[in-house]
Amino acid sequence: MYADATSSVQINGHHYGPKPIRCAVRQGCPKSMALYALCLHAFLRLLELKLPCVRIGRRSRPTLVVADSDDVTIFVTSAADFTIIEEAIQLFEGATGSQLNPRKSKALAVERCCKQETIFGIFHHPAVTILGVTFWGTTEQTMKDTWTRVTGKV
């Protein structure tokens, strides 16, 4: 789909190009997101097949992963899960050329989960915000923070 693709640049009203695109995909191109979603789906499906799911709140369906564009949240239930996740990440990186960015990633130890210094070079944080909800190390702390913000807005 990207064979013979070109791009041009506009600086101060002057157009320069077209220049051939020799690698990667064009940022902002509608095809780029669709191609990424297709590739990401295989990664998410691999995790679904290999990791146990967790039940979050009153949801009727167990969950393992939440994905929003290129933001992926993985729920881990045991230390053994990290090996499976690492293998899946390495496979995804090798197949797509994408790379996990530890500086843009966060880990959160929840409830009884043992906290390690880093996982895959990702540091633990006291709280993590996912899709606008801030999660803390305990359900009680998460609910208190969430309801305090909601009632404060009301």
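Predicted model: local features only at pLDDT ≥ 70, side-chain atom pairs only at ≥ 80, totals over all residues.
**Group meeting: a first walk through the model**

Residues are numbered from 1 along each chain as its sequence is written, and side-chain values use heavy atoms, with hydrogens and water left out.

Thr134 lies in strand E8, residues 133-136, where helices (H or I, at least four residues) and strands (E, at least two) are DSSP runs numbered from the N terminus. Is Thr134 buried or exposed? Its relative accessible area is 12%, so Thr134 is buried, given that buried means under 20% relative accessible area, exposed over 50%, and partly exposed in between, with a 1.4 Å probe and protein chains only. The side chain of Thr134 makes a polar contact of 3.0 Å with the side chain of Thr129, and another, at 3.2 Å, with the side chain of Arg149. By polar contact I mean a pair of N or O atoms within 3.5 Å; within protein, one must be able to donate a hydrogen and the other to accept it, and residues adjacent in sequence count only if both atoms are side-chain atoms.

Stepping back to the whole protein, there are three helices and eight strands, and from the N terminus on they follow the order β-β-α-β-β-α-β-β-β-β-α. Of its 154 residues, 20% count as buried.

Strand E1 (residues 6-11) and strand E2 (residues 14-20) run antiparallel and are joined by five bridges; two strands pair if DSSP finds at least two bridges between them. Ile11 has His14 in E2 as its bridge partner. In the loop between E1 and E2 we find Asn12, which has a positive phi of about 50° although it is not a glycine. Asn12 counts as exposed because its relative accessibility is 73%.

A second hairpin is formed by E3 and E4, with two residues between them, and Ser69 in that turn has a positive phi of about 60°. Four bridges join E3 (residues 65-68) to E4 (residues 71-74), again antiparallel, and Ala67 stands opposite Val72 in E4.

Which residues make up the largest nonpolar core? Its eleven members are Leu40, Phe43, Leu44, Leu47, Leu51, Leu64, Val65, Ile85, Ala88, Ile89 and Phe92, a nonpolar core being a set of buried Ala, Val, Leu, Ile, Met, Phe, Trp, Tyr and Cys residues joined through side-chain atoms within 4.5 Å. Helix H1 (30-50) and helix H2 (81-96) each supply at least two residues of this core. Phe43, for instance, touches Ala88, Ile89 and Phe92, leaving out residues up to four places away in sequence.

Finally, Ser105 sits in the loop between H2 and strand E5 (118-119), and Ser105 counts as buried because its relative accessibility is 17%. Its side chain reaches the backbone oxygen of Asn101 at 2.8 Å, and, neighbours within four places in sequence aside, Ser105 is in contact with Leu100, Ile122 and His125.

Key. Contact = heavy atoms within 4.5 Å.
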